[in-house]
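Please open the model in your viewer and have the selection tool ready. The stops below are meant to be taken in order.

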Protein chains: 2
Amino acid sequence: MTVWAPSGLGEVRPGDDLAALVGDLLAGGAPGDALAEGDVVVVTSKVVSKAEGRVVAAADREQAITDETVRVVATRERPGQPPLRIVENRLGLVMAAAGVDASNTPDGTVLLLPLDPDVSARALRATLRARFGLTRLGVVVTDTAGRAWRDGLVDVAIGAAGIVVVEDLRGGVDAHGRPLTVTVTAVADEVASASELVRGKSAGRPVAVVRGLARYVGDDDGPGARSLVRASADDLFREGSAEAYQGGYRDGFGEGFREGSGNEPVPVD
Amino acid sequence: MTVWAPSGLGEVRPGDDLAALVGDLLAGGAPGDALAEGDVVVVTSKVVSKAEGRVVAAADREQAITDETVRVVATRERPGQPPLRIVENRLGLVMAAAGVDASNTPDGTVLLLPLDPDVSARALRATLRARFGLTRLGVVVTDTAGRAWRDGLVDVAIGAAGIVVVEDLRGGVDAHGRPLTVTVTAVADEVASASELVRGKSAGRPVAVVRGLARYVGDDDGPGARSLVRASADDLFREGSAEAYQGGYRDGFGEGFREGSGNEPVPVD
């Protein structure tokens, strides 16, 4: 597998034709770098958002976060700063600050995530396939996300087209003939992480190409990265521990008070 | 960045000299594949555990999980199967089944994680450096882990030596001169994920080489992957939502009952 990030994209502005810019960038490299069948083009959500005009004036970044929030997952006070808010955003993604980004944008503005990064990935894929005459091409749109339990951030896939997003090996067997029961690999997230290693954060190289994963690249757009989002109902960590404790305490207090006062316990709404 | 996974390691058995086996594997490839300054060698914890004799007889896998558990984080009943247990294990890692692995091991046995994967990485690094006459060489030991909020598994670093584990860009500035405040990249985890893409799960290729990340590779062993583990006290998701809710309910009920019965509220122990 080879992963590289060409430099020279330049600043992306609202209304820019990102597919044309990325195509120019990828057409301008060394001959061996020309896009080939089975390649995956990885693009940060930041440039997708910029091209799509998701830069909004925001004197108040906190309001922008509130506007993008569907559900608060956890909050934590921070001395001298607004509280840290980990929330589920419109895309189903659980992220600090709802994925609202205030770095690498002009002062007084913040960057919202693309409206639908899977749609953005499909559009980018369609244009690049046509331009380079390719059938099998993958596109991944990335963003940077924190994790429960581990320090540091990694890039994950928030949009995808033409690439296997999750490889499900259940039903297969291991070298001892035993069933592989728990092996469902988040391929698109691993691709996003691999691309981050060559892009870097401040180097102005928001596009990467991954070559050597043709077995994951198909003819059709596929399910998209939205399919990587775990449904809240299936999520054992849908609320922060403190928030869940507080909810339990409130409900328990109400029920205990009724019982202590000799009243029949009644359902708590 | 180039990532490849040579085949031909063969089955690793307790007592095998893993560093010799990996060295033989890496010495036997094409001339261009010989290890070079700045390379990172990535090895799955599975083969490290096997070489270190962490294969234990286990008629009862559930007991092995219990033995490896330091703290239960979340559990969920599963019809027809033992409950899913997400726990913190001896290494501080929050993982399903404590990282105890029953695939790719002989029947009647399970595989425990290495006792100290950072120590394993340092030992492997020392031997490979000496054998190949290299100064700057990184070693990462990987395992596969689930995530809160996202489906599918990715490989993460549970051991590391000679490589920057976390790149802290705080203090730097973006292209607009604004401070990069939240950019702490879990480099070692991204390396682990990248390597998984070329290793595959059932292909018998537990070793990968990553070339092109020399800027992350240093002369000394460095802090190790243990430094990626978030301390429980700093973790907003130290308990599953249901477990935290139940704890809150129990405490709240006790307090509410006392107040309802006209007793002074007393601290709940």
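This is a predicted model: local features need pLDDT of at least 70, side-chain atom pairs count only at pLDDT 80 or more; totals for chains, interfaces and linings use all residues.

Residues are numbered from 1 along each chain as its sequence is written, chains are lettered from A and ligands numbered from 1 in the order in which they are written, and side-chain values use heavy atoms, with hydrogens and water left out.

**Chain A as a whole**

Select chain A. It has six helices and 12 strands; helices (H or I, at least four residues) and strands (E, at least two) are DSSP runs, numbered from the N terminus. Along the principal axes, the C-alpha atoms of chain A fill a box of roughly 80 × 60 × 30 Å. Of its 269 residues, 52% count as buried. Buried means under 20% relative accessible area, exposed over 50%, and partly exposed in between (1.4 Å probe, protein chains only). Take the contacts in chain A between residues at least 6 apart in sequence: 65% of them join residues at least 24 apart. Contact here means heavy atoms within 4.5 Å.

**A:Asp143**

Select A:Asp143 in strand β8 (residues 138–145) of chain A. A salt bridge is a side-chain nitrogen of Lys or Arg within 4 Å of a carboxyl oxygen of Asp or Glu.

Now show A:Ser45, whose side chain makes a polar contact with that of A:Asp143 at 3.3 Å. A polar contact is a pair of N or O atoms within 3.5 Å; within protein, one must be able to donate a hydrogen and the other to accept it, and residues adjacent in sequence count only if both atoms are side-chain atoms. Beyond four places in sequence, the contacts of A:Asp143 also include A:Met95, A:Leu113 and A:Ile158.

**A:Glu190**

Go to helix α5 (residues 187–199) of chain A and pick A:Glu190. Is A:Glu190 buried or exposed? A:Glu190 is buried, with a relative accessible area of 0%. Show chain B as well: leaving aside neighbours within four places in sequence, A:Glu190 is in contact with A:Thr185 and with residues of chain B, among them B:Leu153, B:Asp155, B:Ser193 and B:Glu196.

**Salt bridges**

Over all chains the count comes to 26 salt bridges. Select A:Arg85 and A:Glu62, whose side chains meet at 2.8 Å, N to O. A:Arg85 is in strand β5 (residues 81–89) and A:Glu62 in helix α3 (residues 61–68) of chain A, so this pair ties together parts that are 23 residues apart in sequence. A:Arg85 is buried, at 18% relative accessible area.

Next, select B:Glu11 and B:Lys50, a salt bridge of 3.1 Å, N to O. B:Glu11 lies in the loop between β1 (2–4) and α1 (18–27) of chain B, and B:Lys50 in helix α2 (residues 45–51) of chain B, so parts that are 39 residues apart in sequence are tied together. B:Glu11 is partly exposed at 34% relative accessible area, whereas B:Lys50 counts as buried at 7%.

Then select B:Glu68 and B:Arg54, which form a salt bridge of 4.0 Å, N to O. B:Glu68 is in helix α3 of chain B and B:Arg54 in the loop between α2 and β3 (55–57), 14 residues apart. Both residues, B:Glu68 and B:Arg54, are buried. Back in chain A, show A:Arg54, A:Glu68 and A:Arg90, which salt bridges link in a network.

**A sheet in chain B**

Select β4, β5 and β6 of chain B: these three strands form an open antiparallel sheet in the order β4-β5-β6. Its edge strands are β4 (69–78) and β6 (94–96), each pairing on one side only. Two strands pair if DSSP finds at least two bridges between them. Three bridges join β5(B) to β6(B), and B:Ile86 has B:Ala96 as its bridge partner in β6(B).
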